[in-house]
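Hello,

Please have a look at it first, and then read on for what turned up.

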Amino acid sequence: MTSMSEFIRSVFDHPPRQGSWSEAEYLRVTDYTSRRVEFTDGYLEPLPWVTDWHQSITQFFLLALNMALIPLGGTVHFSGIRLRIRPGKFREPDLLLVKSATDPRRRNRFWKGADLTLEVVSKDKPERDLIDKVHDYAEGNVPEYWIVNPFNETITVLRLENGSYVEHGVFRRGDRAASVILSGFGVDVAEVFDLECPPDDEEGE
């Protein structure tokens with residue numbers, strides 16, 4: 001008999017019935033896995049496993065944003081919280097936050113909105129974070145989107161204006177990347193990209 005974990009693993013290795021998944025099925029299946037999976041109008045998109053460096057960068061921002069949100073009574077969470085962009089469309093940001101922990105969009109099973117999302121660009125498909133999610137988070141009316149790109153060492157901060165994102169700034173070493181919606185919040189770009197990156201093992205080691 002196939003266990004639930006084996007079934008889930010097989011689903012995400014080779015997603016069946018692409019185009020015909022319901023939102024309820026997506027939520028039910030992803031309730032039983034730590035694998036990150038996004039969803040658009042019947043299609044599942046399993047995301048790659050994150051690297052150590054990716055997690056180190058995400059953790060850096062999690063701790064920094066948490067400190068900034070404490071006085072506001074807000075909350076920030078890391079990947080695993082599903083964000084509903086609209087009915088039939090879900091994303092799993094690396095980080096997402098609301099400035100008030102009592103924001104009604106914050107739900108236990110998934111959030112119905114956020115004040116800020118952050119993605120660390122993944123090597124497997126950079127355009128996912130650099131292009132696709134610019135449209136996705138704008139569609140979800142997220143006021144601010146941070147794109148942290150380890151490959152060219154930039155942090156791009158976008159702000160929502162009339163339904164589309166415009167550049168607040170592209171920050172590099174020597175700069176302090178600053179938020180629009182969180183007054184006074186910023187990070188030293190060099191500190192982010194100076195985080196230790198462990199060496200890659202050869203495949204199979």
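How do the residues of the lining of the largest pocket divide into nonpolar, polar and charged? The answer is 11 nonpolar, 3 polar and 5 charged. Here Ala, Val, Leu, Ile, Met, Phe, Trp, Tyr, Cys and Pro count as nonpolar, Asp, Glu, Lys and Arg as charged, and the others, Gly among them, as polar.

Before going further, a word on the source. This is a predicted model, in which local features need pLDDT of at least 70 and side-chain atom pairs count only at pLDDT 80 or more, while totals for chains, interfaces and linings use all residues. Residues are numbered from 1 along each chain as its sequence is written, and side-chain values use heavy atoms, with hydrogens and water left out.

**The pockets**

A pocket here is an open set of points on a 1 Å grid over the protein atoms alone, where a 1.4 Å probe fits, with protein on both sides within 12 Å along at least five of seven lines; lining residues have an atom within 4 Å of a point. A volume is the space filled by probe spheres set on the points, and grid points are joined across faces, edges and corners.

The largest pocket has a volume of about 410 Å³. Its lining is made up of 19 residues, and Thr 51, Trp 53, Lys 123, Phe 151 and Asp 200 are the ones nearest its centre. Helix α3 (residues 52–69) gives the most to this lining, with 3 residues. (Helices, H or I with at least four residues, and strands, E with at least two, are DSSP runs numbered from the N terminus.)

The second largest pocket holds about 260 Å³ of space. It is lined by 14 residues, with Arg 36, Val 50, Gln 55, Phe 78 and Ser 79 nearest its centre. Helix α3 again supplies the largest share of the lining, 4 residues. This lining divides into 6 nonpolar, 5 polar and 3 charged residues.

Two strands pair if DSSP finds at least two bridges between them.

Strands β1 and β2 pair in the antiparallel sense over 4 bridges, and Val 37 has Pro 46 in β2 as its bridge partner. These two strands form a hairpin with 2 residues between them, and Asp 41 in the turn has a positive phi of about 45 degrees. Strand β1 (residues 37–40) also runs antiparallel to β5 (residues 89–91), joined by 2 bridges.

**The six-stranded sheet**

A further open sheet has 6 strands in the order β3-β6-β8-β9-β10-β11, again with mixed pairing. Its edges are β3 (75–78) and β11 (164–171), each with a single partner strand, so one side of each is left without a neighbour in the sheet. From one strand to the next, the twist averages 20 degrees.

Strands β3 and β6 (residues 95–98) pair antiparallel over 4 bridges, with Thr 75 opposite Val 98 in β6. Helix α3 lies across β3, β6, β8 (116–120), β9 and β10 (154–161), at about 170 degrees to β3. Helix α4 (residues 126–139) lies across β8, β9, β10 and β11, at about 165 degrees to β9.

Two loops are worth a look. Asn 141, in the loop between α4 and β9, has a positive phi near 60 degrees. Asn 162, in the loop between β10 and β11, has a positive phi of about 55 degrees although it is not a glycine.

Enjoy exploring it!

Methods:
Axes fitted to C-alpha atoms, helices over the stretch in contact; angles between N-to-C directions. Contact = heavy atoms within 4.5 Å.
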